Amino acid sequence: MKPVLKQLLLCALMLPLALTAQVRPQDILQSPNSNWLTYAGDYQAKRHSPLTQITPQNAGSIVPKWTNHISGANRLESVPLVHDGVMYITNTNEVIALDARSGRIIWRYKDARSKKQNVNRGAAILGDRIFFVTSDVHLVALDRRTGAVAWMKQYGRVEDGLFASAAPLAVKDKIIVGVAGGDSGMRGYICAFSADKGEELWRLYTVPAKGEPGSETWGGYIEWGGGGTWLSGTYDPELNLLYWTTGNPWPDFYGGDRKGDNLYTCSLLAIDLDTGKMKWYFQFTPHDTHDWDAQSWPVLLDTEINGRMSKVVMHPNRNGFLYTLDRATGEFLRATKMVDKLDWATGIDAKGRPILVPDKDPTPAGTYVCPGVRGAANWMAPTYSAATGLLYVMNLEQCDVYTSSAQVPEPKKNFAGGGASPKHNEPGQFFMRAYDPKTGKRVWEYPLTGKGESWSGSVSTAGGVVFFGDDDGQLVALDAKTGQHLWHYLMGENLTAAPIVYAVDGKQYVAICSATAVFTFGLFEPQKPVALPATRTEP
Amino acid sequence: MWKCALLLACALALPAQHEDKSEKKPKNPAIGNPEAIAAGQKLFMTSCAGCHGPTGDGGRGPNLRERGAWHSLDDDGMFTIVNKGVPGSDMPALNRPENEIWQIVAFVRSLTAPAMDSNAPGDVEAGKQIFWGKMGCSNCHMIGAKGGFLGPDLSNIGAMRSLNEIRNSILDPSERGVKEYQPVHITFRKGGTLDGVCVDRTNYAMQVIDRAGKVHRIAMNDVEAIVLHKKSAMPGDYKTRLSRDELRDLLAYLSRQSTRPPDAKSEK
C-alpha cells in the first residue's frame, strides 16, 4: 500500500475513536457511570456509582482481577480516573495510564526535574488531555493517548513555601488548582487556568493581604498565614459556584502572634467559577491552634432539613462536627457531633461558631484535647449513597497532647509552632459511620481494628454496597443499609487513597491504590484459555 | 589480571569511601563516653531538669526522651540549641564552657541511645540469675531461643532499645499501652476457651500464641466473644519486687543482649 493511502486508512480508522473518546464537560456532569471522570467521581463529591452488578448478595464472590506494582511508589494517594477503559493514576511528579481491564501500562509521564517530591492525589481529564500538578507547583497538560506534554504552567514558587499535591478540577473550559505548604508558612490560593492554552484566568487568595477586608482578623504573620488549598473542590452547575476548603493558619499550634479569627483559614469558600470572586465563606474553626484544616470533602446534597427540601453542603470537619450549610448562601443550618471524643467545644452556636471550652489551646507542657491533630475526619473521602440516603464518613476517635512553642516563627523551615501526639496508652481507633443527612445523626457504625494510621476513603454503589480501605491494609465491602460486613481483601500495606468503581465491557470493577500498587477487583468468573495468535516479527 | 582486579577493587571502594566521608561526621569524644554522660547528667539536673524534668520526660519544656521532639537534630544542632538557646522561646542560652555543653549533649543523647552503648553499671552475672531464676522473666521471654512465649524475644534487646526504655518496660510495662502481646481470652462458638497473647488482630482473623508456644490461627466466624486486656501480661509489681541493686543488675544483663557484637568503631 502506498504510504499516503496507508496514512489515510489509519486516520479513517482512528477518527471515530478520537471523536467518541474525548471527554466533554457534560460527560463529567454525568459521571460516574462506566467511567470515573473526576477526583470525587462527580462534582458533588457523592462518590456514588450507579453500577449494580455487585450487590450484598454476591459481594462474597469478589476476587482480585489485576494488580500492578508501580515502580518507585511508596505512598500512593491517588484516586484513579477511568475513561473509555483507560485508568489514569498519579504518583509524585508522575502520571501513569493503564489498561483498566488488564492493568498493563500504556504510557508513563514523569517530570524528573521537579524541585520537590511530594505525594500526589490524582488527575483531571477534559477533552483529550490529562491534567495534574507537580510537587513544585506546575500545572501540566498531557495528551491522554500518549502522555505527550501539551503545555506546562508554573503557578507558584517553592521559594514561597509552596508545593502542590491535589487533583485539579476540570469545570467547563477551566482547570482549577490549589496549593499546599500551610504547615511551614505560605499564603494559600486557588487559581483557574484555561484548559486549552493554560492561561491563568483568575486567582483567589485564601488569606487577605494587609489592608484588605479580613486582614483585621490577623495579628502578625499574615504574609505567611497559611490557608492551604490541598484538596480538590466541588462544583454546583446551577449556582455556578465552586466549593473549596482551606487549611490551617500558621504557625499551626501557636496562635499568640496571630490574634483574631485568621480569615479565611479552616473555612469553606464558595467561589464564582467565571470570576474567581468569593461569594460567601464559612469558617469552621476560627483562630485554629490544633491544625484542624477544613480539608474534608464538601459534599453537595439536596435533602430535607427541618421538613423542607434544601440545597446543602455537608462537611465532616476535622474539629469533630458534621456541618450542614445552605450552599447558595453559606447560612449555617446545623452541626452535630461526629465523635464521642470531643472536648474542645460544648457545641456550635446558632451562627455556627464553636462554643469553646476554656484552656484548650496548646501549651509548652502539653494540653490534652479531643479530637487529635489528625482530626475526627480528614481528607479520607466520604460517600453519599442515593440508594440508602445515607452519608458514610470515616471517623477517627483519638485525643492528642498538643504542645506549643513561642519560638520566633521562621517560614519555610518546617516550623509549626509546636506539635501533637496521642498518649502512648490511648491509640486512635477508626470507625466507618453512616449518618442521616436529614438529621446529621449517626445511623450505624462499623468499628475498625488497626493502629490508627490509615488515610483511606470510601465509595458507594447503587447495588447497595459501601467499599472502603480499612486500618489494616484491607479493602472492605459493607452492606450500605445495615453496615454488615460482606467481603474484605488484604493488600498488606497502609492505605492512603480512596477506592473507585468503574466498568469495562459491561463488567463492574472496584479499584484502589495501596502504598505501592493499584489493585482492581470484580466478581469471580472462570478465565477462558487464551489461544495464542500466530506472531512473527519481520526483519 | 591482577591489575584489573586491583582497579575493580579500587573502583568499588572509592564510592563507598566517598559516601562514608560525606555521611558521617567525626563524633565529639563526649558522645557515648560514660564519664562524660555521668558528668552531663549532673549538669542537666542543675541547669535543665527544671523545665525538661529530672529524667528528661518533659515538663514546661519538651520531653527529651521522645525521639520525635528532637530527632532531626544532629549532635552539632543539639549543641547549638543548648549553647545559644532558642530565641523567642523559654529555652535560654546556657553560659557554660564548651566541654560541659558537650557533656550535656552526651547525656541527652544517651537517653535514647541503644542500651548496649550505655555501658550500664551493675553485676551482669547477678542480673542473669534474676532473669532466669528469681524474677521468672524467662517464663515469658526468650534469650537465645530459650525461655517462654508470652513476651517479646530479648536476645537483641540491648541493640534495639535504650536503657531507659528497658527500665520503663520493667517497672511500668503498661505505661506505653499494649500494642503487641496483648493478653486475650477467647470463647469459641463451638465451645471452649483460649488464653494467650494476641500477636495480630483484624475484624476477620486473629493470631494468638499460648503459654505452651502454640500459635493459634483463628477465623472470627469461629469466635463467640473476645476479651482483650488493656494491661500487659507482664506483672506490674517489679517496682516493689526488685531492689535497687537487683534492677541495676538486671539492666546490666539485658543491656548487653545483642545478637551482633558491639560495633568496633563505637568501642574505640
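Helix axes are lines fitted to C-alpha atoms, over the stretch in contact, and the angles between them run from 0 to 180 degrees between N-to-C directions. The model described here is predicted.

Two packed helices are described by the angle between their axes and the distance between the axes. In chain B, helix α5 spans residues 75–84 and helix α6 spans residues 98–110. Their axes come within 9 Å and cross at roughly 120 degrees. α5(B) and α6(B) are therefore oblique to each other. Their crossing is right-handed. By class, the contact of α5(B) with α6(B) has 8 nonpolar, 1 polar and 4 charged residues. From α5(B) come Asp75(B), Asp76(B), Met78(B), Phe79(B), Val82(B) and Asn83(B). They meet residues of α6(B) including Ile101(B), Trp102(B), Ile104(B) and Val105(B). Glu98(B) and Arg109(B) of α6(B) also take part in this contact.

Asn99(B) is found in helix α6 of chain B as well. This residue is partly exposed, with a relative accessible area of 48%. Asn99(B) and Asn28(B) are 71 residues apart in sequence. In space they lie 9.7 Å apart, C-alpha to C-alpha.

In soluble globular proteins, nonpolar side chains tend to be buried together. The largest nonpolar core of the model has 121 residues. Met87(A), Tyr155(A), Ile176(A) and Tyr502(A) have the most contacts inside it. Beyond its neighbours within four places in sequence, Met87(A) is in contact with residues including Trp66(A), Pro80(A), Ile96(A), Leu98(A), Tyr502(A) and Val518(A). Another core, of 38 residues, lies apart from the largest one. Among its members are Phe253(A), Trp280(A), Tyr323(A) and Ala345(A).

How values were computed. Residues numbered from 1 in each chain as written. Chains lettered and ligands numbered in written order. Predicted model: local features only at pLDDT ≥ 70, side-chain atom pairs only at ≥ 80, totals over all residues. Heavy atoms only, no water. Helix = DSSP H or I, 4+ residues; strand = E, 2+ residues; numbered from the N terminus. Parallel < 35°, antiparallel > 145°, perpendicular 65-115°, else oblique. Left-handed = near helix turned anticlockwise from the far one by under 90°. Contact = heavy atoms within 4.5 Å. Nonpolar A, V, L, I, M, F, W, Y, C, P; charged D, E, K, R; others polar. Core = buried A, V, L, I, M, F, W, Y, C linked by side-chain atoms within 4.5 Å. Buried < 20%, exposed > 50% of the residue type's maximum accessible area, 1.4 Å probe, protein only.
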